[in-house]
Amino acid sequence: MLFRSLLQVLWARFEAGQSGVTIIPCELIEHNAVVLRGIVEQLAGGWNLPAAFGDWLSRECVWVENLVDCIVTPGPADHPLSSSDPLLVTAEPYMLWALARPANGEGRLFEHPAIQWVDSVDPYYLRKVRILNGLHTAMAAKFGPDRKSTRLNSSHLVISYAVFCLKKK
């Protein structure tokens with residue numbers, strides 16, 4: 001649904017003669033901007049939108065590859081705001097948001113201490129996946145005798161690590 005909504009917004013901007021937008025997808029998949037752009041282009045083709053729209057997507061819209069590295073969980077149940085604020089969350093103190101510099105040379109969109117503008121997010125993605133693989137390997141070694149099944153995490157377009165399903169005895 002989200003992809004269709006994004007396409008509808010972009011199509012409306014195109015039809016109104018407005019400029020493109022900067023799109024920053026935050027899915028933890030390799031080359032997330034390329035993947036999202038491909039999905040939008042595929043949907044546009046399925047809707048028989050004109051080739052000029054595809055050109056506009058390439059020329060006017062900026063698709064920024066990125067990697068967010070921060071764990072965010074629901075807020076603690078005993079927090080004073082937990083009963084009145086459904087959006088209360090807890091974030092770890094470490095955060096990194098690596099954004100690839102746009103190829104069109106556009107400047108930085110915004111600044112924050114956790115943001116790093118880089119030539120490629122690939123090294124950051126590789127580091128994150130290796131850390132996850134290391135943790136999963138350590139868990140498998142620790143809980144190996146209790147492991148009942150192992151399955152691939154197929155919810156992402158790119159399968160990068162195994163998820164171990166553990167059962168209590």
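The buried residues of helix 3 are covered by elements that include helix 1 (2–15), helix 2 (32–46) and strand 2 (62–63); contact here means heavy atoms within 4.5 Å. Helices (H or I, at least four residues) and strands (E, at least two) are DSSP runs, numbered from the N terminus. This is a predicted model, in which local features need pLDDT of at least 70 and side-chain atom pairs count only at pLDDT 80 or more, while totals for chains, interfaces and linings use all residues. Residues are numbered from 1 along each chain as its sequence is written, and side-chain values use heavy atoms, with hydrogens and water left out.

Helix 3 spans residues 51–60, and its buried residues are Phe 53, Trp 56 and Leu 57. Seen down the helix axis, these residues fall within an arc of 100°, so they line one face of helix 3; the arc is that of the directions from the axis to the C-beta atoms. The face turned away from this buried side carries the exposed residues Ala 51 and Arg 59. Buried means under 20% relative accessible area, exposed over 50%, and partly exposed in between (1.4 Å probe, protein chains only).

Rings of Phe, Tyr and Trp (its six-membered ring) pair if their centres lie within 6.5 Å; planes under 30 degrees apart count as stacked, over 60 as edge-to-face and the rest as tilted. The count comes to five aromatic pairs, including the two below.

| Pair | Centre distance | Plane angle | Class |
|---|---|---|---|
| Trp 11 and Phe 53 | 5.3 Å | 85° | edge-to-face |
| Phe 53 and Trp 56 | 5.9 Å | 20° | stacked |

Trp 11 in helix 1 and Phe 53 in helix 3 are 42 residues apart, and their pair links distant parts of the chain. Trp 11, Phe 14, Phe 53 and Trp 56 form one aromatic cluster.
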